[in-house]
Amino acid sequence: MALTPRLDLRQSQQLVMTPQLQQAIKLLQLSNLDLAAYVEQELEKNPLLERSDALEAQEANSGAVEQESAPASADNDDTPLKELSISNDGTSPDDGNSTPEADYDNTYNDTVTDMPAEQSFADGADTGYLGANSGGSSNFSSNDLNLENTLSEDLSLQDHLTQQLNQLPLSNSQKLIASYMIDLVSDAGYFTEELNDVAEILGCGRGAVETVFTALRTMEPVGIFATDLADCLALQLMDRNRFDPAIEALLSNLNMLAEGNLKGLLEICDVDQEDLREMISEIKALDPKPGLQFDSEVAQTVIPDIFVRRRPDSTWHIELNSETLPKVLVNNSYYSVLNTKTKKKEEKEYLSDCLSTANWLVKSLDQRAQTILKVATALVAEQEMFFTQGIEFLRPLNLKTIADTISMHESTVSRVTSNKYIASQRGIFELKYFFTSAINSTSGGDSHSAASVRHKLKRLIDDESPNKILSDDKIVELMKLEGIDIARRTVAKYRDAMKIPSSVQRRRLKKQLIAS
């Protein structure tokens, strides 16, 4: 067969991830707070994107700006402004005849219509819109003045140690070594790096590093620059002049103390029960992580993305948290003015790209809201027993079940449930919490969710008598009496995941509590 060049015409299909589709997928998996930060970046880059509050101020001042609360389309119509807007029931506030373009699963024109709009979950919230002020504005009102804004900046551990550096009897070269080692201290205050590695990186001798290391261990708080827990406790006991051979032996066998093996410790430390009890009390009074005194990291409060509450007629009202969603508008009037005055081809292309990007962002935000409401509505319907009766009635659930219900792909559901929280009368839960594996039933009926089984396991252990500690085998028997077919290794796995000690360790710990 001769090899000759030729031209063939072939037809094939392929999925192309356009930048717009990548943006839509990215927005879908962001939480409301991350979404607000992302929109803030887009507002800085795109001159055609505006916050609704800014344009409302212009309208109040000039009366020349008109707004229409409807999802923006890519078409350049006569509407000067286009806004992201949605009602509490998941439907757009238009006449219902709009047909948005492509979405994640080609099901964008499906809307949630079984949730009529009612009073907002939060008092005073505008239930007609998805978003409130995004908080990215440089202007602020008296409502922004809260306790968190008045707190002074906390001192970090590294800053605290650096302030003490000039008080140490070290040369300039040794202070350079000390500064490097201060940066290596963990948040808990431990130094776990090898001194040989530090000497090699800095190009100095190990002796110089050891000298600096010894000096750094005298800093405040006491116990800083310890190499492990026993070393940290030993430094604090030395500072109190309470370090002796008996307590040194105790620190060398902390694992026995954790296991409650007091009999073995009595022999190793060569003390009586009264002395051992006193040494244990001294250790409990120490700080195992002295560096955390200067932890300046602010704990972030979980802010729900979705609210769910039960109506008097036993149906469920589901809505997005409008307080954390940005309200974004596309200023078509500004585009028309700039496009009229612009003559260069490059500038016209830039304006066209900005308009296309702005329209796509607004549509993506609206599409994201519709998809989240769909998933949340299906999720509440599947786990209704949990919301009404508690965790023991949490059903086994996987992504495919929700995906089939709303006619979307499992990957879309996975992205929607990532970094999203739902607030109910039972608390705030991550959407991922409601997806659990199944544990078979002994009677052949409905299976049990892994979360509810773990809850029952913890309840059994919490209610056990100190004189009758339940073994894993006994827990398996009790579970089967409740209709749960579970293996012993599964009980052990769940117990370890919840950091519950074994039956032997629990027996020792509870005896100690009774003795004390």
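**Strands, cores and helices**

A: In this predicted model, Arg 310 stands opposite Trp 316, a residue of β4.

Q: How many bridges join β3 to β4, and how do the strands run?

A: Strand β3 (residues 306-310) and strand β4 (residues 316-320) are joined by 5 bridges and run antiparallel. They form a hairpin with 5 residues between them. In the turn, Ser 314 has a positive phi of about 75°.

Q: And which residue in β6 is the bridge partner of Ile 306?

A: The partner is Ile 422. Strand β6 (residues 421-424) runs parallel to β3, and 2 bridges join them.

Q: On to the cores: which residues have the most contacts inside the largest nonpolar core?

A: They are Leu 49, Ile 306, Phe 387, Ile 402, Ile 422 and Phe 434, in a core of 49 residues. Helix α15 (residues 345-382) supplies the largest share of this core, with 15 residues. Another core lies apart from it and has 23 residues, including Leu 165, Val 185, Leu 195 and Phe 294.

Q: What is Phe 387 in contact with, leaving aside neighbours within four places in sequence?

A: On that basis, Phe 387 contacts Val 308, Trp 316, Val 380, Ile 422, Ser 424, Arg 426 and Phe 434. Among these, Ile 422 and Phe 434 also belong to the residues with the most contacts inside the largest core.

Q: Changing topic, where is Ile 391?

A: Ile 391 is in the loop between α16 (384-389) and α17 (399-406).

Q: Is Ile 391 buried, partly exposed or exposed, and why?

A: Ile 391 counts as partly exposed because its relative accessibility is 23%, and buried would mean under 20%.

Q: What does Ile 391 contact, again leaving aside neighbours within four places in sequence?

A: The contacts of Ile 391 are Phe 386, Tyr 433, Ala 451, Ser 452 and His 455. Ser 452 is 61 residues from Ile 391 in sequence, while their C-alpha atoms are 5.7 Å apart in space.

Q: Last topic: at what angle do the axes of α5 and α6 cross?

A: The axes of α5 (residues 157-165) and α6 (residues 172-182) cross at roughly 165° and come within 10 Å. The two helices are therefore roughly antiparallel, as angles over 145 degrees count as such. The crossing of α5 past α6 is right-handed.

Q: Which residues meet there?

A: From α5, Gln 158, Leu 161, Thr 162 and Leu 165 meet Lys 175, Ala 178, Ser 179 and Ile 182 of α6. Leu 165 is also among the residues of the 23-residue core.

How values were computed
Residues are numbered from 1 along each chain as its sequence is written. This is a predicted model: local features need pLDDT of at least 70, side-chain atom pairs count only at pLDDT 80 or more; totals for chains, interfaces and linings use all residues. Side-chain values use heavy atoms; hydrogens and water are left out. Helices (H or I, at least four residues) and strands (E, at least two) are DSSP runs, numbered from the N terminus. Buried means under 20% relative accessible area, exposed over 50%, partly exposed in between (1.4 Å probe, protein chains only). Contact means heavy atoms within 4.5 Å. A nonpolar core is a set of buried Ala, Val, Leu, Ile, Met, Phe, Trp, Tyr and Cys residues joined through side-chain atoms within 4.5 Å. Two strands pair if DSSP finds at least two bridges between them. Axes are lines fitted to C-alpha atoms, for helices over the stretch in contact, and angles run from 0 to 180 degrees between N-to-C directions. Angles under 35 degrees count as roughly parallel, over 145 as roughly antiparallel, 65 to 115 as roughly perpendicular and the rest as oblique. A crossing is left-handed if the near helix is turned anticlockwise from the far one by less than a right angle, and right-handed if clockwise.
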